[in-house]
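I set down what I looked up and the terms I used.

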Amino acid sequence: MDTYVENFHDLKDLERMEYVPFGRTGLRVSKVSLGTGTLSPLYGALDEASALEAVNGAIRRGINYIDTAPFYGQGHSEKVLGKALKTIPRRAYYLATKVGRYEQKYERMFDYTAAKTRESVERSLQLLGVDILDVVQIHDVEFAPNLDIIVQETLPTLEALRHEGKLRFIGVSAYPLGVLKEIITKAPGRFDSVLCYCRNTLFDDSVKEYLPFFAQHQLAVICASGHGMGLLTNAGPQPWHPADDQLKSICREAADYCQRHEVELGKLAMYHFIQLSGPATYLSGMQTPQLVDINLDAYLNGLSEKEAEVLDHLKESVFPKILRKHWEGVEVERYWAAMKV
């Protein structure tokens, strides 16, 4: 395995981790991967020492793909991750970040221009403390004024940076799956990976119908946020979550049922998440060693009899009550309404 480092990795877990081809890139990535949106204030107060321990522990146990973005705390995630990576051999992981989405304030949130794209990659390299990024993804392209700017400015800039040796592979992300299909069709053969999130969960399985299209384009599929950005956890989502009240209410009902039965909904969500075949890796935010343990336990050991019974009940009696399984269009509408003010 290309990312194995003697005297660093925990061989016991490493030998049980599945490594999957990452599209046509030649990389082989761990089936479970590390999302770091949670290494920022986006998901509440962060205990930095715990976060550093979580990153180190996840990589030692065989996770070899890490995803971050400048948007996560306006560089906070990249900064904390950069600190963690100082203690980890560079050979032990593949590192992905993003360009295009940057700040919380609407007027400075998105910028897909060539100049900003170049500036962003340079800053990410500096904050992360690496010489080359394995993957750079164009972040949430549904917010671009039109997809032409992605094809004519953002993408050619990343291709130039790849030629300069600053990155290896190029990806794209969005919440609406139809937009992903559209941008991939507009730029055939120019993307190596595609990231979709909250589309393979206990309440929304819509990524399934797009997997053949992604496979046809030989794309590595990064399937992210099986926890629905916190909806499918006992703690529940952050106040900013864009889902409607009915979806939040049903997920809260599921969490309450889990708590009454002393089960963590997040573990059930993770187990369900990784059952889908087709994606190269299943990306999950883990900012504490406890969350690393829960997610890897779901992958390595599956569910106990009690957990499986609770999951069956939720699938049969709770989640079918959801009326609207996604929040597509909600954030885009809010963004453009704010920009017109």
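**Entry 1: helices α3 and α4**

I began with helix α3 (residues 76–85) and helix α4 (residues 114–128), which pack at an angle of about 45° with their axes 7 Å apart. Because of that angle, α3 counts as oblique to α4. For my own reference, angles under 35 degrees are roughly parallel, over 145 roughly antiparallel, 65 to 115 roughly perpendicular and the rest oblique. The axes are lines fitted to C-alpha atoms, for helices over the stretch in contact, and the angles run from 0 to 180 degrees between N-to-C directions. Helices (H or I, at least four residues) and strands (E, at least two) are DSSP runs, numbered from the N terminus.

I also noted the basis of the entries: the model is predicted, local features need pLDDT of at least 70, side-chain atom pairs count only at pLDDT 80 or more, and totals for chains, interfaces and linings use all residues. Residues are numbered from 1 along each chain as its sequence is written, and side-chain values use heavy atoms, with hydrogens and water left out.

Which residues of α3 and α4 meet? I found Glu78, Lys79, Leu81, Gly82 and Leu85 on the α3 side, and Ser124, Leu127 and Leu128 on the α4 side. By class, this contact of α3 with α4 has four nonpolar, two polar and two charged residues. Here Ala, Val, Leu, Ile, Met, Phe, Trp, Tyr, Cys and Pro count as nonpolar, Asp, Glu, Lys and Arg as charged, and the others, Gly among them, as polar. Contact means heavy atoms within 4.5 Å.

**Entry 2: helices α5 and α6**

I then looked up helix α5 (residues 147–163) and helix α6 (residues 177–186), whose axes come within 10 Å and cross at roughly 45°. The two helices α5 and α6 are therefore oblique to each other. I recorded the crossing of α5 past α6 as right-handed; a crossing is right-handed if the near helix is turned clockwise from the far one by less than a right angle, and left-handed if anticlockwise. From α5, the residues Leu147, Asp148, Ile150 and Val151 meet Val179, Glu182, Ile183 and Lys186 of α6. The contact of α5 with α6 divides into five nonpolar, no polar and three charged residues.

**Entry 3: helix α9**

Is helix α9 mostly covered or mostly uncovered? I found that α9 (residues 265–273) is mostly covered, with seven of its nine residues buried. Buried means under 20% relative accessible area, exposed over 50%, and partly exposed in between (1.4 Å probe, protein chains only). The buried residues of α9 are Leu265, Gly266, Lys267, Leu268, Ala269, Met270 and Phe273. Their cover includes the strands β3 (32–35), β9 (220–224) and β10 (281–285), and the helices α8 (245–260), α10 (289–301) and α11 (305–318). At the N-terminal end of α9, I noted Glu264 as a cap: a side-chain oxygen of Glu264 lies 2.6 Å from the backbone nitrogen of Gly266.

I looked up Thr117 in helix α4. Thr117 counts as buried because its relative accessibility is 0%. Leaving aside neighbours within four places in sequence, Thr117 is in contact with Val99, Tyr102, Tyr112, Thr154, Thr157, Leu158 and Leu161.

Ala224 is found in strand β9, and at 7% relative accessibility Ala224 counts as buried. With neighbours within four places left out, the contacts of Ala224 are Leu195, Cys196, Tyr197, Cys198, Phe273 and Leu283. Between Ala224 and Asn200 I noted 24 residues in sequence and 8.0 Å in space, C-alpha to C-alpha.

Val292 has its place in helix α10 and is buried at 3% relative accessibility. Not counting residues up to four places away in sequence, Val292 touches Ala54, Ala58, Arg61 and Met286. The C-alpha atoms of Val292 and Glu53 are separated by 9.9 Å, although these residues are 239 residues apart along the chain.

Asp13, in helix α1 (residues 11–14), is buried at 11% relative accessibility. Asp13 touches Arg61 and Leu300, again without residues up to four places away in sequence.

Where does Asn7 lie? I placed Asn7 in the segment before α1; its phi is near 70°, a positive value in a residue other than glycine. Asn7 counts as exposed at 76% relative accessibility.

Gln74, in the loop between β4 (65–67) and α3, has a positive phi of about 50° although it is not a glycine. At 42% relative accessibility, Gln74 counts as partly exposed.

Key:
Polar contact = N/O pair within 3.5 Å; in protein donor to acceptor, adjacent residues only side chain to side chain.
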